[in-house]
Amino acid sequence: MSSRKKASSISSARRCHWASNEWNIPYHDSEWGVPVHDDRLLFEFLILEGAQAGLSWDTILRKRDRYREVFDNFDPARVARYDAKKVRSLLADPGIVRNRLKISATVDNALAFLKVQEEFGSFDTYIWQFVGGSPVQNKRRAMGQVPASTRESDEMSLDLKQRGFRFVGTTICYAFMQAVGMVNDHTMDCFRYSKV
């Protein structure tokens with residue numbers, strides 16, 4: 001297939017209605033809802049979902065590359081060692097969300113993440129237990145049917161908080177679950193629905 005035809009078929013593909021610009025279309029088409037079992041990537045999504053609180057996901061997608069740079073590619077062992085000087089440098093970086101609580105929560109979350117890895121062998125083993133180890137296949141006909149939270153995200157949020165994680169409310173947890181493919185919330189008419 002020629003690149004022109006391929007581009008045309010991609011642009012005309014039916015997607016979830018929120019996928020509508022140069023930032024969120026590639027994310028929707030290649031990442032959102034795809035099951036993730038890599039601890040580093042799970043940590044990245046956990047931190048980015050927390051950073052997104054009160055903002056649009058597009059804002060985070062635009063800043064994602066810079067986040068990877070300044071947070072050592074989301075290596076939890078490195079982030080857990082950040083000191084006050086590093087936090088000050090992050091607060092001065094316009095390429096990320098400069099919120100003191102969110103940045104300090106990232107360090108706390110890295111410490112808690114490492115403890116979970118030690119206890120369960122991997123964060124993946126721990127986090128996927130909330131859906132019984134395999135993705136929940138929802139059958140949404142419209143994005144209006146997608147809830148902000150579920151019983152599973154409530155349980156996840158409570159357990160994460162008890163383990164010392166911050167910026168992990170139930171809505172953030174459900175967005176995390178969608179992002180890492182613990183639930184398939186693509187609408188049934190979306191071309192990605194049957195692919196994840």
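# Close-up views of a predicted chain

Of the 196 residues of the chain in this predicted model, 46% count as buried. The figures below begin with the whole chain and then turn to its parts.

**Figure 1. Overview of the chain, with 10 helices and 2 strands.** Read from the N terminus, the elements follow the order α-α-α-α-α-α-α-α-β-α-α-β. The radius of gyration of the chain is 17 Å, close to the 16 Å that the globule rule gives for 196 residues, so the chain is as compact as a globular protein of that length. The C-alpha trace spans about 50 × 35 × 30 Å along its principal axes. Among contacts in the chain with a separation of 6 or more, 68% come from residues 24 or more positions apart.

**Figure 2. Helix H3 against helix H4.** Helix H3 covers residues 39-52, and helix H4 covers residues 57-70. The axes of the two helices come within 10 Å and cross at roughly 130°. That angle makes H3 oblique to H4. The crossing of H3 and H4 is right-handed. On the H3 side, the contact is made by Leu 41, Glu 44, Phe 45, Leu 48, Glu 49, Ala 51 and Gln 52. On the H4 side, Trp 57, Ile 60, Arg 64, Tyr 67 and Arg 68 take part. Sorted by class, the contact of H3 with H4 has 7 nonpolar, 1 polar and 4 charged residues.

**Figure 3. The loop between helix H4 and helix H5, with Asp 72 and Asn 73.** This loop joins H4 (57-70) to H5 (76-79). Asp 72 has a phi near 50°, which is a positive value in a residue other than glycine. Asn 73 also has a positive phi, near 55°, and is likewise a residue other than glycine.

**Figure 4. Helix H3 against helix H7.** Helix H7 is made of residues 100-120. H3 and H7 pack at an angle of about 150°, and their axes are 11 Å apart. The two helices are therefore roughly antiparallel to each other. H3 passes H7 in a right-handed crossing. From H3, the residues that meet H7 are Asp 39, Phe 43, Ile 47, Gly 50, Ala 51 and Gln 52. Their partners in H7 are Lys 102, Thr 106, Asn 109, Ala 110, Phe 113 and Gln 117. By class, the contact of H3 with H7 has 5 nonpolar, 5 polar and 2 charged residues.

**Figure 5. Helix H9 against helix H10.** Helix H9 runs through residues 151-162 and helix H10 through residues 170-179. They pack at an angle of about 115°, with their axes 8 Å apart. This makes H9 roughly perpendicular to H10. The crossing of H9 and H10 is right-handed. Glu 152, Ser 153, Asp 154, Met 156, Ser 157 and Leu 160 of H9 meet Thr 170, Cys 173, Tyr 174, Phe 176 and Met 177 of H10. The residues of this contact divide into 6 nonpolar, 3 polar and 2 charged.

Figure 6. Why is H10 described as largely enclosed by the rest of the structure? The reason is that 8 of the 10 residues of H10 are buried. The buried residues are Ile 172, Cys 173, Tyr 174, Ala 175, Phe 176, Met 177, Gln 178 and Ala 179. After H10 comes Gly 181, whose phi is positive, near 75°.

**Figure 7. Gln 178 in helix H10.** Gln 178 is buried, with a relative accessible area of 12%. Which residues does Gln 178 touch, not counting residues up to four places away in sequence? They are Trp 32, Gly 33, Val 146, Val 183 and Asp 185. Gly 33 lies 145 residues from Gln 178 along the chain, yet their C-alpha atoms are separated by 5.4 Å.

Terms used
Residues numbered from 1 in each chain as written. Predicted model: local features only at pLDDT ≥ 70, side-chain atom pairs only at ≥ 80, totals over all residues. Heavy atoms only, no water. Axes fitted to C-alpha atoms, helices over the stretch in contact; angles between N-to-C directions. Helix = DSSP H or I, 4+ residues; strand = E, 2+ residues; numbered from the N terminus. Parallel < 35°, antiparallel > 145°, perpendicular 65-115°, else oblique. Left-handed = near helix turned anticlockwise from the far one by under 90°. Contact = heavy atoms within 4.5 Å. Nonpolar A, V, L, I, M, F, W, Y, C, P; charged D, E, K, R; others polar. Rg over C-alpha atoms; globule rule 2.2 N^0.38 Å. Buried < 20%, exposed > 50% of the residue type's maximum accessible area, 1.4 Å probe, protein only.
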